[in-house]
Amino acid sequence: MRPFQPYFRNPHLATIAGNFWRRAVDQQRFPTREVLYDTEPGTRVLVHENRPPGEVRGEVFMHHGLEGSSRSGYMVSLAQALCEAGYAAHRINMRGCGGTEHLTSTLYHSGLTQDVRAILTETRARTAAPLFLIGFSLGGNVALKLAGELGEAGPDLLAGVAAVSTPIDLHECVRRLGARENWIYEQRFVRSLRARYFRRHQAQPHRFPLDGLHRTRTVFEFDDRFTAKAFGFGDAPNYYRTQSALGFLGRIRVETLLIQAEDDPLIPFAIYRHPAISGNPALRLLPVPHGGHLGFIARRRPRFWLDQILMEWLEARRNNRPSAIVLQSE
């Protein structure tokens, strides 16, 4: 693995570039197939699947971040890399995301593991290929929480889990999101969350009352007024406490990689110094000095350094050997 030379040392530029950098899947070689999974009564989840020809080396399931979708850039470029290496790529839309609000009558939340678990279980029943789960940002929280919920049964279902730029302590990360320098990110999230909820209200006004939606200015306020109540958590602090992956890390038994930039503007790196990480031999933390939030763009080609790291890790896990990843950064 060549040293990581970040295109941007400014974490905000890295974050923005990672979000807008153009990426694509070669549709002629690896056409996208839409697959619907019935994950619970009244809920269907759309997964965009890309497969190389012939027998695959493994089935890799990806889970996106807050208000993202299967079309999020980090999912798209990794899908291309996976297919080129002989893996099948499954880009999961969280319930209601990616234009799928008509497939469910509920919202999603940061610890909602039922859908991913149902998809993995259904896949396990029809293939002997190794299954991997990779979560990005909020999707990383879901992936880690699921791995913790599985506990000793984790290795029976999954060959490996990876989580990138993950808010493992939801409350601390929402506090960081509310910092003045992060205003542009929070307002983008809030606008999208409010618009999504308003569409729900229009479809089911009695189930989704407005209750001050127009006065909601922060992610904490949205979670406190809407997310927590929709799922029976009571309030935002209890929602964050019960659904943060941090409370589940100690139970993880499947080999798991955590990739986190130390300069992530949305996630305080201090939360990764928790003894739940250092005390669990199944977890490996890969700290990266630069990269912002999901912004691991390299100065030289190939640009998507994160994809290279994840592919190296996948190959190690598939061959049931320790990863030889050694991080260097300039």
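**Hairpin, cavities and cores**

Colleague: In the hairpin of β1 and β2, which residue takes a positive phi, and how many residues lie between the strands?

Modeller: Gly42 takes a positive phi near 85° in this hairpin, which has 2 residues between its strands. The model is a predicted one, in which local features need pLDDT of at least 70 and side-chain atom pairs count only at pLDDT 80 or more, while totals for chains, interfaces and linings use all residues. Residues are numbered from 1 along each chain as its sequence is written, and side-chain values use heavy atoms, with hydrogens and water left out.

Colleague: Why are β1 and β2 called paired strands?

Modeller: Strands are DSSP runs of E with at least two residues, and helices are runs of H or I with at least four. Two strands pair if DSSP finds at least two bridges between them, and β1 (residues 32-40) and β2 (residues 43-50) have 8 in the antiparallel sense, so they count as paired. Within the pair, Glu40 stands opposite Thr43 of β2.

Colleague: What makes the space lined by Arg23, Tyr74 and Ser77, among others, a cavity?

Modeller: On a 1 Å grid over the protein atoms alone, a 1.4 Å probe fits at its points but cannot get out, and the lining residues, including Arg23, Tyr74, Ser77, Trp305 and Asp307, have an atom within 4 Å of a point. Helix α11 (305-318) and helix α2 (73-84) each give two or more residues to its lining, with the largest share, 3 residues, coming from α11.

Colleague: How do you know that the lining of the second largest cavity has 2 charged residues?

Modeller: Asp, Glu, Lys and Arg count as charged, and the lining includes Arg95 and Asp115, together with residues such as His63, Asn93 and Tyr108. By class, the lining has 5 nonpolar, 3 polar and 2 charged residues, around a volume of about 60 Å³.

Colleague: Why is the set that includes Leu120 and Leu133 called a nonpolar core?

Modeller: Leu120 and Leu133 belong to a set of 60 residues, and such a set is called a core because its members are buried (under 20% relative accessible area, 1.4 Å probe, protein chains only) and joined through side-chain atoms within 4.5 Å. Helix α4 (residues 138-150) gives the most to this core, with 7 residues. Beyond its neighbours within four places in sequence, Leu133 is in contact (heavy atoms within 4.5 Å) with residues including Phe61, Val116, Leu120 and Leu158.

Notes:
On a 1 Å grid over the protein atoms alone, a cavity is a set of points where a 1.4 Å probe fits but cannot get out, and a pocket is an open set with protein on both sides within 12 Å along at least five of seven lines; lining residues have an atom within 4 Å of a point. Grid points are joined across faces, edges and corners, and a volume is the space filled by probe spheres set on the points. Buried means under 20% relative accessible area, exposed over 50%, partly exposed in between (1.4 Å probe, protein chains only).
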